[in-house]
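Hi everyone, thanks for coming. I'd like to walk you through one model today, charges to begin with and then the core. Here it is on the screen.

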Amino acid sequence: DILVGYPNQAWRRSMSGDYTCICPFLTRYHAKAVDDFRAMIEGRAEEKVGRHSEWCDKTHNRDFLAIPGTTLGSIGGDDFWEWYDGIWDKAARDEVAAGGSRHELDRHKQDLLAMAHAIIIRYTTNHIIALSGRIH
(Lines give C-alpha, C1' and ligand atoms only; values in the text may rest on other atoms or scores of the structure.)
Protein backbone atom coordinates (compact mmCIF):
# COMPACT_ATOMS: atom_id res chain seq x y z
CA ASP A 1 0.00 0.00 0.00
CA ILE A 2 1.09 3.55 -0.64
CA LEU A 3 -0.02 6.86 0.77
CA VAL A 4 0.45 9.92 -1.42
CA GLY A 5 0.26 13.42 -0.06
CA TYR A 6 0.48 16.69 -1.96
CA PRO A 7 2.21 19.16 0.38
CA ASN A 8 2.47 21.87 -2.27
CA GLN A 9 -1.19 21.45 -3.31
CA ALA A 10 -3.17 22.04 -0.14
CA TRP A 11 -6.48 21.87 -2.00
CA ARG A 12 -5.79 18.29 -3.11
CA ARG A 13 -6.85 15.30 -1.00
CA SER A 14 -4.28 12.68 -0.12
CA MET A 15 -4.58 9.31 -1.81
CA SER A 16 -4.21 5.69 -0.79
CA GLY A 17 -2.94 3.34 -3.45
CA ASP A 18 -3.25 -0.42 -3.29
CA TYR A 19 -1.01 -2.49 -5.54
CA THR A 20 -2.12 -6.03 -6.26
CA CYS A 21 -0.22 -8.49 -8.40
CA ILE A 22 -2.08 -10.88 -10.67
CA CYS A 23 -0.49 -14.04 -12.02
CA PRO A 24 -2.35 -14.66 -15.30
CA PHE A 25 -1.14 -18.28 -15.31
CA LEU A 26 -3.15 -19.13 -12.19
CA THR A 27 -6.43 -20.93 -12.78
CA ARG A 28 -8.40 -18.04 -11.26
CA TYR A 29 -7.16 -15.59 -13.92
CA HIS A 30 -5.99 -17.67 -16.88
CA ALA A 31 -9.25 -17.79 -18.88
CA LYS A 32 -9.84 -14.07 -18.28
CA ALA A 33 -6.27 -13.22 -19.32
CA VAL A 34 -6.53 -15.22 -22.53
CA ASP A 35 -9.93 -13.76 -23.39
CA ASP A 36 -9.20 -10.08 -22.62
CA PHE A 37 -6.05 -9.18 -20.69
CA ARG A 38 -7.01 -5.53 -20.27
CA ALA A 39 -10.48 -6.43 -18.97
CA MET A 40 -8.85 -8.77 -16.44
CA ILE A 41 -6.70 -5.92 -15.09
CA GLU A 42 -9.56 -3.41 -15.07
CA GLY A 43 -11.83 -5.98 -13.38
CA ARG A 44 -9.30 -6.47 -10.59
CA ALA A 45 -9.07 -2.69 -10.20
CA GLU A 46 -12.86 -2.46 -9.90
CA GLU A 47 -12.80 -5.15 -7.17
CA LYS A 48 -10.22 -3.14 -5.19
CA VAL A 49 -12.13 0.12 -5.62
CA GLY A 50 -15.32 -1.57 -4.45
CA ARG A 51 -13.55 -2.91 -1.39
CA HIS A 52 -11.54 0.17 -0.32
CA SER A 53 -12.72 3.42 -1.93
CA GLU A 54 -15.68 4.25 0.30
CA TRP A 55 -13.72 3.44 3.46
CA CYS A 56 -10.82 5.70 2.41
CA ASP A 57 -13.24 8.50 1.59
CA LYS A 58 -15.37 8.32 4.74
CA THR A 59 -12.73 7.28 7.28
CA HIS A 60 -9.68 9.23 6.09
CA ASN A 61 -11.05 11.83 3.66
CA ARG A 62 -8.70 10.58 0.97
CA ASP A 63 -9.02 9.25 -2.53
CA PHE A 64 -8.31 5.64 -3.41
CA LEU A 65 -6.41 4.31 -6.42
CA ALA A 66 -6.27 0.65 -7.33
CA ILE A 67 -2.96 -0.36 -8.89
CA PRO A 68 -3.32 -3.79 -10.43
CA GLY A 69 -0.25 -5.30 -12.02
CA THR A 70 0.78 -8.67 -13.29
CA THR A 71 3.70 -11.04 -12.93
CA LEU A 72 4.29 -10.31 -16.63
CA GLY A 73 5.33 -6.76 -15.77
CA SER A 74 2.27 -4.66 -16.44
CA ILE A 75 1.41 -1.99 -13.89
CA GLY A 76 -1.93 -0.30 -13.38
CA GLY A 77 -5.11 0.22 -15.28
CA ASP A 78 -6.46 3.32 -16.97
CA ASP A 79 -7.02 5.23 -13.70
CA PHE A 80 -3.46 4.57 -12.57
CA TRP A 81 -1.93 5.79 -15.82
CA GLU A 82 -4.10 8.90 -15.85
CA TRP A 83 -2.90 9.73 -12.31
CA TYR A 84 0.75 8.78 -12.92
CA ASP A 85 1.08 10.69 -16.20
CA GLY A 86 -0.79 13.66 -14.74
CA ILE A 87 1.63 13.96 -11.82
CA TRP A 88 4.66 13.88 -14.11
CA ASP A 89 3.08 16.23 -16.67
CA LYS A 90 2.43 18.81 -13.95
CA ALA A 91 6.00 18.49 -12.70
CA ALA A 92 7.28 18.96 -16.27
CA ARG A 93 5.13 22.05 -16.83
CA ASP A 94 6.36 23.53 -13.54
CA GLU A 95 9.96 22.78 -14.49
CA VAL A 96 9.62 24.42 -17.91
CA ALA A 97 7.87 27.45 -16.36
CA ALA A 98 10.85 27.81 -14.02
CA GLY A 99 13.21 27.86 -17.02
CA GLY A 100 14.25 24.22 -16.93
CA SER A 101 13.81 21.28 -19.24
CA ARG A 102 11.44 18.35 -18.97
CA HIS A 103 14.11 15.89 -20.18
CA GLU A 104 15.53 15.28 -16.71
CA LEU A 105 12.04 14.70 -15.31
CA ASP A 106 11.26 12.27 -18.13
CA ARG A 107 14.35 10.27 -17.16
CA HIS A 108 13.23 10.20 -13.52
CA LYS A 109 9.77 9.02 -14.62
CA GLN A 110 11.36 6.14 -16.56
CA ASP A 111 13.67 5.33 -13.65
CA LEU A 112 10.72 5.11 -11.25
CA LEU A 113 8.93 2.65 -13.55
CA ALA A 114 12.11 0.58 -13.88
CA MET A 115 12.42 0.44 -10.09
CA ALA A 116 8.77 -0.58 -9.77
CA HIS A 117 9.33 -3.40 -12.27
CA ALA A 118 12.43 -4.55 -10.38
CA ILE A 119 10.45 -4.67 -7.13
CA ILE A 120 7.65 -6.64 -8.77
CA ILE A 121 10.13 -9.12 -10.23
CA ARG A 122 11.93 -9.54 -6.90
CA TYR A 123 8.75 -10.14 -4.92
CA THR A 124 7.26 -12.41 -7.57
CA THR A 125 10.44 -14.51 -7.55
CA ASN A 126 10.45 -14.66 -3.75
CA HIS A 127 6.83 -15.83 -3.72
CA ILE A 128 7.43 -18.47 -6.38
CA ILE A 129 10.36 -19.83 -4.39
CA ALA A 130 8.34 -19.76 -1.15
CA LEU A 131 5.39 -21.52 -2.76
CA SER A 132 7.67 -24.16 -4.24
CA GLY A 133 8.96 -25.06 -0.79
CA ARG A 134 12.58 -24.67 -1.90
CA ILE A 135 13.58 -21.93 0.52
CA HIS A 136 17.25 -22.18 1.43
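Glu54 has a relative accessibility of 52%, so it counts as exposed; for these labels, buried is under 20% relative accessible area, exposed is over 50%, and partly exposed is in between, with a 1.4 Å probe and protein chains only. Please keep in mind that this is a predicted model, where local features need pLDDT of at least 70 and side-chain atom pairs count only at pLDDT 80 or more, while totals for chains, interfaces and linings use all residues. Residues are numbered from 1 along each chain as its sequence is written, and side-chain values use heavy atoms, with hydrogens and water left out.

So which residue does Glu54 meet in a salt bridge? The partner is Lys58, at 2.7 Å from N to O. By salt bridge I mean a side-chain nitrogen of Lys or Arg within 4 Å of a carboxyl oxygen of Asp or Glu. Helices here are DSSP runs of H or I with at least four residues, strands are runs of E with at least two, and both are numbered from the N terminus. Lys58 is exposed too, with a relative accessible area of 63%.

Now over to helix H4. Arg107 forms a salt bridge with Glu104, with the closest N and O atoms 2.7 Å apart, and another with Asp111, at 2.9 Å. Glu104 is three residues from Arg107, about one helical turn, and Asp111 is four residues from Arg107, also about one turn. Arg107 is partly exposed at 40% relative accessibility, Glu104 is partly exposed at 42%, and so is Asp111 at 32%.

Elsewhere, salt bridges link Arg13, Asp57 and Asp63 in a network. The structure holds 13 salt bridges.

On to the inside. The largest nonpolar core has 14 residues, and Met15, Leu65, Phe80, Trp83 and Tyr84 have the most contacts within it. Such a core is a set of buried Ala, Val, Leu, Ile, Met, Phe, Trp, Tyr and Cys residues joined through side-chain atoms within 4.5 Å. Strand S3 (63–70), helix H3 (78–97) and helix H4 (103–132) each give two or more residues to this core, and H3 brings the largest share, five residues.

What does Trp83 touch, leaving out residues up to four places away in sequence? Val4, Tyr6, Arg12, Met15 and Leu65, where contact means heavy atoms within 4.5 Å.
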